[in-house]
Amino acid sequence: MSVVLPVLFSFFAAFSNALATVLQRRAALTVRRSDSFRPGLILDLLRRPLWLAGILAVVAAGAGQAAALATGPLTLVQPLFVLELPLALLIASLWARERLPARLWLAVAGVVAGIGVALVAASPAGNRTQVPLDRWVPALVACGVGVVALAAAGLGKPPGRARAGCLGAATAICYALTAALMKVSMHILDVGGLVAFLTTWQTYAFGATGIAALLLLEHAMQGGPLVASQPALTLGDAAVSLLLGILLYEEHVRAGWWLLPQLVGVVLIVLGVFALARSGVGTA
């Protein structure tokens with residue numbers, strides 16, 4: 001299967017998510033800070049037009065992600081969402097009418113080059129559409145435990161880097177699990193139609209994990225600096241998605257000497273992501 005369609009859909013979804021991040025972060029900074037898990041935060045945000053515009057962008061991103069997952073492997077689609085951070089930075093800088101310094105353009109180039117090198121070297125393959133329940137159960141339990149532990153650790157700390165990092169990592173697990181569940185649901189929709197889609201447990205599971213991710217994201221945005229939450233979110237989503245793609249869908253990447261350029265790509269991505277997150281451009 002051609003990788004062009006899933007790559008294009010993933011890029012559209014990453015751009016929409018980047019726009020949503022900028023809008024939602026600006027909205028989240030205008031409401032009362034929460035030092036504990038507060039579902040009422042969403043009610044406060046519903047009164048902010050910027051946040052509602054961000055939700056529309058989230059919906060568009062979800063549609064793009066669903067199309068990407070329906071046409072390509074999880075191990076290809078989700079790592080491309082690393083592009084969300086440089087795209088968000090570019091959108092935020094345009095919004096704030098700030099000029100990006102040369103070092104940040106270099107970081108953007110590093111992230112883009114790193115993704116290209118890593119994915120070309122890895123050559124993700126496999127597009128299994130059925131996952132037996134005995135594979136889902138341990139994955140769901142492990143992800144659930146991870147999210148609860150990270151969220152509890154984050155909410156137990158005062159606002160700062162540790163809090164934001166823990167909540168960002170919890171959000172990342174939710175995002176990755178949502179994508180894994182969505183992939184099955186999209187296949188069921190394609191093969192069985194709307195009735196089958198609405199009667200499978202994966203549809204409601206990815207809806208629940210998606211809502212959890214949204215709520216955790218808002219708390220992560222309020223919990224501390226972007227340099228702590230965004231790398232955990234961006235890199236965590238890609239890493240957990242890679243594991244789920246291999247363990248659940250039996251997708252595979254190239255090994256042997258191909259691991260060397262993959263490692264080079266990952267290093268470029270990590271360095272670029274931290275440099276971009278540390279900049280703080282347009283995030284105030």
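**Ground rules.** I number residues from 1 along each chain as its sequence is written. Since the model is predicted, I take local features only at pLDDT of at least 70 and side-chain atom pairs only at pLDDT 80 or more, while totals for chains, interfaces and linings use all residues, and side-chain values use heavy atoms, with hydrogens and water left out.

**Overall.** Helices here are DSSP runs of H or I with at least four residues, strands are E runs of at least two, and both are numbered from the N terminus. Along the sequence the pattern reads α-α-α-α-α-α-α-α-α-α-α. Of the 284 residues, 51% count as buried (under 20% relative accessible area; exposed is over 50%, partly exposed in between, with a 1.4 Å probe and protein chains only). I also checked contacts (heavy atoms within 4.5 Å): among those with a separation of 6 or more, 84% come from residues 24 or more positions apart.

**α7 on α8.** How are α7 and α8 oriented to each other? I find α7 (residues 133-155) packing on α8 at an angle of about 155°, with the axes 7 Å apart. The axes are lines fitted to C-alpha atoms, for helices over the stretch in contact, and angles run from 0 to 180 degrees between N-to-C directions. The two helices are therefore roughly antiparallel (over 145 degrees; under 35 is roughly parallel, 65 to 115 roughly perpendicular, the rest oblique). The crossing of α7 and α8 is left-handed, that is, the near helix is turned anticlockwise from the far one by less than a right angle, whereas clockwise would be right-handed. On the α7 side, the contact residues include Trp 136, Leu 140, Cys 143, Gly 146 and Val 147; α8 brings, among others, Arg 163, Cys 166, Leu 167, Ile 173 and Val 184. By class I get 18 nonpolar, two polar and one charged. Nonpolar covers Ala, Val, Leu, Ile, Met, Phe, Trp, Tyr, Cys and Pro; charged covers Asp, Glu, Lys and Arg; the others, Gly among them, are polar.

**α3 on α8.** I then looked at α3 (residues 49-71), which packs on α8 at about 70° with the axes 9 Å apart. That pair is therefore roughly perpendicular, and the crossing is right-handed. Gly 62, Gln 65, Ala 66, Leu 69 and Ala 70 of α3 meet Ala 179, Met 182, Lys 183 and Met 186 of α8.

**Start of α8.** Ala 162 sits in α8 (residues 161-198) and is partly exposed at 43% relative accessible area. Ser 229 is 67 residues from Ala 162 in sequence, but I get 8.7 Å between their C-alphas.

**α5.** This helix (residues 84-96) has 13 residues and spans 18 Å from first C-alpha to last, close to the 18 Å expected, where the expected span is 1.5 Å times one less than the number of residues. Its buried residues are Glu 84, Leu 85, Pro 86, Leu 87, Ala 88, Leu 89, Ile 91, Ala 92 and Ser 93. Just after α5, Arg 97 has a positive phi of about 55°.

**Positive phi in loops.** Which residue has a positive phi of about 45° although it is not a glycine? That is Ser 123, in the loop between α6 (102-122) and α7, partly exposed at 33%. Glu 250, likewise no glycine, has phi near 55°. I place Glu 250 in the loop between α10 (226-247) and α11 (259-279), partly exposed at 42%.
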